[in-house]
Amino acid sequence: MTTSVGTMMVSLPQIAKVIDHSLLHPTLTDAQIRDGLMLAKKHKVATACIKPYSIPLAKEILEGSDVLVCAVIGFPHGNSTTFIKVLEAEEAAKEGAREIDMVVNVGKVLSGEWAYVADEIRAVNEAVVQHGAVLKVIFENDFVAAADDPDGEQRVVRLCQICTELSVAFVKTSTGYGFVKVPDGSGYYTYRGATIPHLRLMLRNVGAGVQVKAAGGIRTLDELLYVMWLGVTRIGATATAEILKEASRRGIKQEPVEVPIPAIVDTVDTAGRG
């Protein structure tokens, strides 16, 4: 029997509007991106999250819908100069992206060069807002807050504080395309993406005007419902169709219904949200 941590009123349209349908895999062809955009339009998700060169195609296919175009910049490793990130963000916004997901400079975060980090986020955020879009700042928590790093949580907290001070619209856990080499150097790589402890940490440390996006590893309806219950307002997903199909199968329809929220991991502290 699945343990429930509570209940929530939710509808199919509400679930769809939590999803940024992710079309970011490096091997996607134009035909596959077109199919993904059609799926995003059909299910009326929040955004289709795409690489910048796909913005014209996304605008064409999503025209007439309320699905927004979301473009990634400095993706996935955040290593571009600030100048290039600003230029890329401005170009994407001018082309029609209404949301921009930017990866922080991970090396600067790990070096504790917070002035650089804050100046870069400020410059990109100002450029994005000036062109009518909003910014999501991707921390890539697997890198900046590795499980064995005693300073990792404080880095996440500092990033949340910076983004709050700068009135960034969203903070985001991950790209979904990071990698962490295992200690024995065997060539295998591990990657966690969004985790419940990191989501709780981010939710506790952002200001009231900053939303939290979970990306990397949210693949089921139960996972989506649980992070929604915590207070996450957006997720990045490739399993959009499967999630919404399962929601419909469970009786979640156009009007809100009360649904149980299952505990998705055994170690989750269910004492309270965030």
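This is a predicted model: local features need pLDDT of at least 70, side-chain atom pairs count only at pLDDT 80 or more; totals for chains, interfaces and linings use all residues.
Helix α2, which spans residues 30-43, comprises 14 residues, and the distance from its first C-alpha to its last reaches 20 Å, close to the 20 Å expected at 1.5 Å a residue. Within α2, the residues I33, G36, L37 and A40 are buried; because these residues cover an arc of only 100° around the axis, they are placed on the same side of α2. D35 and K42, by contrast, lie on the other side of the helix and are exposed. The packing partners of the buried residues of α2 are the strands β2 (19-23) and β3 (47-50), together with helix α3 (55-62).

A second part of the model concerns the packing of two helices. In general, two packed helices are described by the angle between their axes and the distance between the axes. For helix α9 (residues 196-205) and helix α10 (residues 221-230), the axes come within 10 Å and cross at roughly 25°. Since angles under 35 degrees count as roughly parallel, α9 and α10 are therefore roughly parallel to each other. The crossing in which α9 passes α10 is right-handed. On the side of α9, the contact is made by I196, L199, R200 and L203, while α10 contributes Y226, V227 and L230.

Technical notes: Residues are numbered from 1 along each chain as its sequence is written. Side-chain values use heavy atoms; hydrogens and water are left out. Helices (H or I, at least four residues) and strands (E, at least two) are DSSP runs, numbered from the N terminus. The expected span of a helix is 1.5 Å times one less than its number of residues. Buried means under 20% relative accessible area, exposed over 50%, partly exposed in between (1.4 Å probe, protein chains only). The arc is that of the directions from the helix axis to the C-beta atoms. Contact means heavy atoms within 4.5 Å. Axes are lines fitted to C-alpha atoms, for helices over the stretch in contact, and angles run from 0 to 180 degrees between N-to-C directions. Angles under 35 degrees count as roughly parallel, over 145 as roughly antiparallel, 65 to 115 as roughly perpendicular and the rest as oblique. A crossing is left-handed if the near helix is turned anticlockwise from the far one by less than a right angle, and right-handed if clockwise.
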